[in-house]
Amino acid sequence: MTDEKKIITDSGIEIKQVYSAGDLTIAANELPGAFPYTRGVQPDMYRGKLWTMRQYAGFSTAEESNKRYHYLLSQGVSGLSVAFDLPTQIGYDSDHPLADGEVGKVGVAIDSLEDMEILFQGINLEEVSSSMTINASGFILLALYVALAKKTGRDLKKITGTIQNDILKEYAARGTYIYPPKASMRIITDIFEWCAKEVPKWNTISISGYHIREAGSTAVQEIAFTLSNGKAYVKAALEKGLDINVFGKRLSFFFNAHNNLFEEVAKFRAARRMWATIMKDLGATDPKAMMLRFHTQTGGSTLTAQQPQNNISRVTIQTIAAVLGGTQSLHTNGYDEALSLPTEEAARIALRTQQVVAFESGVPDTVDPLAGSYFVESLTNEVEAAALQLIEKIDAMGGSVAAIEEGFMQNEIAKSAYEYQRNIESGEKIIVGVNKFQVDEKNTTPVFRIDESIQKLQTDKLKALRAKRDNIKAAASLKTIHEKALSGENLMPAVVEAVENYCTLGEIADELRKVFGEYK
């Protein structure tokens, strides 16, 4: 293996590109970039290219979020990660009665192509990769992004990014679903099929363990349930007649990073190995269709409102775990997120944490530095064995959809969450500053507040939009969506056309509610 690049530590020690059996009495014999990818999906990993440094941001209006994106890009983020408000996530416009009090609160309010134009103003969609945390209405947000790219003269073959689009974990752990499982799975496979032709570099799904972990699962459950959901999506796409070697390359994953450094590293390594085998068994022959590529976010549920500055240390450990585990992309949480959305200062410190690990720690200098560690290798095997047991249980029930409908995943997560909380209350598990090392403190951490007038701003914008658009074209577009939903044809071309005619997110979601109904 040739390596032109020389990396030398401050002590003058040269770091080789890869360490293997000859360097240690025990080591993983596998090499990175080769099946089953335990040690990473690229032979050179971060020596060739660092992970994408993202900051999850979105609040208030498109105008306000756009300012934050420009600020983050000026501070060195290499990819954007968009948070949407609750009405957007569940397919309601800002002027809907159910949106009352929620507009712009946990993310940005996006009602139409007009908002999308403002959100990405001054940002070249060919140069910046955008990740959008959106599920039930993900197909509409993707259509809006594509319509914006077309309008600004960007080449759809060059735009890169991800929509989360993972509805199964919504039923299991989070709750922002709209349609019943069968209809939702159909929309997801429509996206797989359409993107393969139209937006080939787009990651069509980010199969998410993050929210499963946030809901209280263990590390083992996080990967078992996530990979089971992944299998369900693959099987649905195969039933539709799609080619696993084509859509398989555009599947990505989204994991959590918690504080137990070694278990987290073992979890990431085990997940890669397991997914490679799962995809091979399902018929994938292209190496890229067997690679588990993933984004990591540091653990929101690990952050404490007590002594919030301690969260900077937690996020640092979690960052190192994600990088040692071989993540492709990373978002670090602000230290103040147990109190509010992050302030600009907290977002900057979170980004600087990634930059310090990247440029000062030496962690990225060699591939999979913990390979061959007796502890990490055996922990990787143990995590894998326990996760496989759970996957076998789910398979015996008929797969993820059946396991969710029976409440199996929800119950397992609830049991783990209860156990975790019980251990904190009994003092068996120590959370620094919460159940030990407490101080009497007056909270002086600045809190980020959202202006309450946003709902009126968005409602006024919608009123003006409906008055000036071509309403005959908009109505015709919605009728086409209705017809395609009934006929079983791919929905995406009709949805793109509808957003180009300035139909709103709520109007499109409602049109499909008429056909598919709602999941209760």
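Between which two elements does the loop that holds T160 lie? In this predicted model, T160 is placed in the loop between α4 (138-151) and β6 (161-163).

**Overall form and surface**

- The C-alpha trace of the protein chain spans about 75 × 60 × 50 Å along its principal axes.
- Buried residues make up 57% of the 520 residues in the protein chain.
- Among contacts in the protein chain with a separation of 6 or more, 77% are between residues 24 or more positions apart.
- The protein chain has an accessible surface of about 21,200 Å², and carbon and sulfur atoms account for 53% of that surface.
- There are 56 positive and 66 negative side chains in the protein chain, and the centres of these two sets lie 2 Å apart.

**Nonpolar cores**

- The largest nonpolar core comprises 137 residues, of which M116, F120, M132, F139 and I508 touch the most other members.
- Helix α4 gives the most to this core, contributing 11 residues.
- Another core, of six residues, lies apart from the largest one and includes F59, A99, I450 and I454.
- Beyond residues up to four places away in sequence, M132 touches V82, F84, M116, L141, L142, Y145, T162, I163, Q164 and W202.

**The surroundings of T160**

- Leaving aside neighbours within four places in sequence, T160 is in contact with V128, S129, S130, Y145, K201 and W202.
- Two of these partners, Y145 and W202, are also among the residues that M132 touches.
- N203 is 43 residues from T160 along the chain, and the C-alpha atoms of the two are separated by 7.5 Å.

- N423 is situated in helix α16, which covers residues 408-426.
- With a relative accessible area of 18%, N423 is buried, because the cut-off for that class is under 20%.
- Not counting residues up to four places away in sequence, N423 touches E428 and K429.

Definitions and conventions
Residues numbered from 1 in each chain as written. Predicted model: local features only at pLDDT ≥ 70, side-chain atom pairs only at ≥ 80, totals over all residues. Heavy atoms only, no water. Buried < 20%, exposed > 50% of the residue type's maximum accessible area, 1.4 Å probe, protein only. Contact = heavy atoms within 4.5 Å. Areas by Shrake-Rupley, 256 points an atom, 1.4 Å probe, with all protein chains shown as cover. Lys, Arg positive; Asp, Glu negative; His and termini not counted. Charge placed at Lys NZ, Arg CZ, Asp CG, Glu CD. Helix = DSSP H or I, 4+ residues; strand = E, 2+ residues; numbered from the N terminus. Core = buried A, V, L, I, M, F, W, Y, C linked by side-chain atoms within 4.5 Å.
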